[in-house]
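Let's take a walk through this structure, one site at a time. Have a look at it first, and then we'll go into the details.

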Amino acid sequence: MAAQIWGSEKRARRRREISAKIAQMPELHDSKPLPFMTREEKIMESARKLTILTEKMGQIIDPTDPAELYHLNNEVLGLEGNPMALHGVMFIPALSAQASDEQQAKWLPRALRREIIGTYAQTELGHGTNLQNLETTATYDLATQEFVLHTPQITALKWWPGNLGKSSNYAVVVAHMIIKAKNYGPHPFMVQLRDEKTHEPLPGITIGDIGPKMAYNIVDNGFLGFNKYRIPRTNLLMRHTKVEADGTYIKPPHAKINYSAMVHVRAYMLTGQAIMLASALNIATRYSSVRRQGQIDKSQPEVKVLEYQTQQHRLFPSIARAYAFQFAGAETVKLYEHVLKEMKSGNVSLMADLHALTSGLKSVVTYQTGEGIEQARMACGGHGYSMASYISEIYGVAIGGCTYEGENMVMLLQLARYLVKSAALVKSGQSSKLGPLVAYLGVKSEPTSLIDRIPNSGFTEYVKTFQHVSKRQTLKAADMFFGLMEKGEKREIAWNKCSVELNRASRLHTRLFIVEAFVRRVNEIADIRIKEALTDLLHLHVNYELLDIASYALEDGFLSASQLDYIRDQVYLYLGKIRPNAVSLLDSWEFSDIELRSVLGRRDGNVYENLFKWAKSSPLNKTDVLSSVTQYLKPMMEKARL
Ligand SMILES: CCCCCCCCCC/C=C\CCCCCCCC(=O)SCCNC(=O)CCNC(=O)[C@H](O)C(C)(C)COP(=O)(O)OP(=O)(O)OC[C@H]1O[C@@H](n2cnc3c(N)ncnc32)[C@H](O)[C@@H]1OP(=O)(O)O
Ligand SMILES: Cc1cc2nc3c(=O)[nH]c(=O)nc-3n(C[C@H](O)[C@H](O)[C@H](O)COP(=O)(O)OP(=O)(O)OC[C@H]3O[C@@H](n4cnc5c(N)ncnc54)[C@H](O)[C@@H]3O)c2cc1C
């Protein structure tokens, strides 16, 4: 099963080897539990491990393999981030996709050797989503052949970029490019921020940390201001766009090609989210098979809480989602790598499809991951609320994904643009022009769903039902939009008035893609036992998801009440079938105790001993009487006794 999850036998084996090596290297372990550290201590601890990794990485992993790097990162540095998180996630990808060959030769080897630390500075205090209204300017000075970066007012301060505050000395900065008083829109520039020897900010640069966040606090998200700060013309990233010495602007082959670093993260973060969901579920499911509370049959002893149907219903559909996200994520990364290769050689024809797909997936996956992690936390009762479970930290990091790389509502609306265009093709009889991901919009469906009507139909009738509801909602939202415009509404106003319905269409389309990716994967599996276990999980997935969106299929009578009863019964049937495999389905992800960082979810299952040991090690327990008591509470009580 690990081979299915991680993509191949070899990958699963390599993960085990890497975990085993790390287990033997105490210098790479947390020196004490992270929840007992201050933010400064955590940052220090992370930097300590990071430097050792820079020395020893080659002994542990193949540093050119992103999957091995990611695993090493999760084990050693953990999900709370590290001082170079953005260096790998965005700075290097931005340089790789947007710098010219000559620029790459100058900067990439230095970045890869970690001679310099970089980040991606785009968002500002006043604008994140609406890139067209960023305020930082890069004005070309023809006389010196330099760009002058400037922050005209407080709202133009860069705000949020990870590791910008204290760690990075370089950044890819996005600013509006102005040449001869003409604004060419946001463009990426390579900018040095700090002196390479002293790490002091360079003159003209104001920089710092934005303060503690809900989670992800090892990362020093930062602010940055420029006071007429000059950089050479050749620091504009020039793979696709060029500015010649005389100020001539050569436009890129696609207007949004400079957004590629964002698409990179959107494509890769899906498996990151799946891992966080599976981690939280692993903790909760292990704990639920140890925790005994109450009786189902009063004549019998207390049961493991995992025996309760409500507990299974809380956890198992999310187990199915974690697998589904992992499989959909793997497909998306493949597509991304393909499009990136094409893009580098000038073929931009697939960019729109990739943008639409990743925008939808990013939104649905992060939202459902957040839901699943929070349910996992509640499923642990009181102990889920303790940092000993570590689930609240996992939640805090994962839920950030709903916001970063494009706020979810906004990204769903980006997919909706693509769906509306596709609906227009269907309506004008040009269905043959539809892309493969939306081809179903042009296919006539049966008048009613055939779920429960055709024996041994596998998952076909489920997929058709998802297709039907997605198509119907897309066409309905598009009709609403076109209708408003026909009535004379301005395009943007009409769009806003339909945006809730449009986003519903985007979610349904994305959920269909996730179901199909799960079906595709199960169909490919040769090992009969693995296929059987994943088929059970897929049954749970399609029935649970369909029940969740049933109102869309009921409103036009595509599903009947009796079919809905059947679907509901299937959910209960598969909850029971999955119960014996539940812990194994999560243990198959092979997270080590070092990586999970959860006292509650350790592999040994000694929950109570581990919790008591952990509580005793709390810094508050170093002394029996705290100074808060001697200084304040004791005098207060004494005064009251007089
Ligand atoms: C094995 C390895 C695993 C590795 C895993 C790594 C990660 C795991 C997770 C680890 C956990 C934590 C890591 C944390 C890291 C945090 C990083 C966070 C970094 C950031 O947040 S950076 C800042 C991100 N900011 C945004 O995303 C801003 C969002 N806004 C936008 O993107 C845009 O403004 C917009 C909403 C897309 C609108 O843009 P614009 O106004 O320019 O365009 P229009 O809406 O007018 O659309 C015009 C037209 O263009 C099309 N289009 C837009 N974007 C693209 C694109 N990227 N590609 C192609 N086409 C695009 C759009 O569809 C329109 O087309 P149409 O006219 O409809 O045909
Ligand atoms: C953990 C974390 C890490 C980050 N790292 C980086 C980084 O490394 N580099 C970087 O540059 N940035 C980074 N960011 C910033 C992040 O990319 C932005 O916060 C994000 O893009 C959302 O933009 P915003 O904050 O402007 O939200 P806003 O756009 O102000 O969103 C507020 C509300 O307005 C709604 N809204 C906005 N526009 C529309 C619209 N057109 N239609 C409908 N609704 C709309 C949204 O849906 C939301 O409900 C990070 C953020 C976080 C939380």
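Start with the second largest pocket: α9, α12, α15 (499–524), α16 (528–548) and α17 (550–554) each give at least two residues to its lining. Helices here (H or I, at least four residues) are DSSP runs, numbered from the N terminus, as are strands (E, at least two). A pocket is found on a 1 Å grid over the protein atoms alone, as an open set of points where a 1.4 Å probe fits, with protein on both sides within 12 Å along at least five of seven lines, and lining residues have an atom within 4 Å of a point.

Before going on, keep in mind that this is a predicted model, where local features need pLDDT of at least 70, side-chain atom pairs count only at pLDDT 80 or more, and totals for chains, interfaces and linings use all residues. Residues are numbered from 1 along each chain as its sequence is written, chains are lettered from A and ligands numbered from 1 in the order in which they are written, and side-chain values use heavy atoms, with hydrogens and water left out.

Back to the pocket. Its lining counts 20 residues, with Tyr367, Gln368, Glu371, Arg507 and Arg511 nearest the centre. The largest share, 5 residues, comes from α9.

Now for ligand 1. It has 28 residues around it, and Thr129, Gln132, Lys256, Tyr259 and Lys421 are the closest; a residue is near if one of its heavy atoms lies within 4 Å. Helices α4 (66–77), α7 (260–288), α9 (351–378) and α12 (408–427) each bring at least two residues to this shell.

His355 has a polar side-chain atom 3.3 Å from a nitrogen atom of ligand 1. On its own, ligand 1 exposes 1500 Å², and the protein buries 82% of that, using the Shrake-Rupley method with a 1.4 Å probe.

Ligand 2 has 18 residues around it, and Tyr120, Gln122, Thr123, Thr129 and Glu407 come nearest. Here α12 gives the most to the shell, with 3 residues. Oxygen atoms of ligand 2 lie 2.4 Å from a side-chain N or O atom of Thr129, 2.5 Å from one of Glu407 and 3.0 Å from a backbone N or O atom of Gly128. Taken alone, ligand 2 exposes 970 Å², of which the protein buries 63%.

Terms used. Polar contact = N/O pair within 3.5 Å; in protein donor to acceptor, adjacent residues only side chain to side chain.
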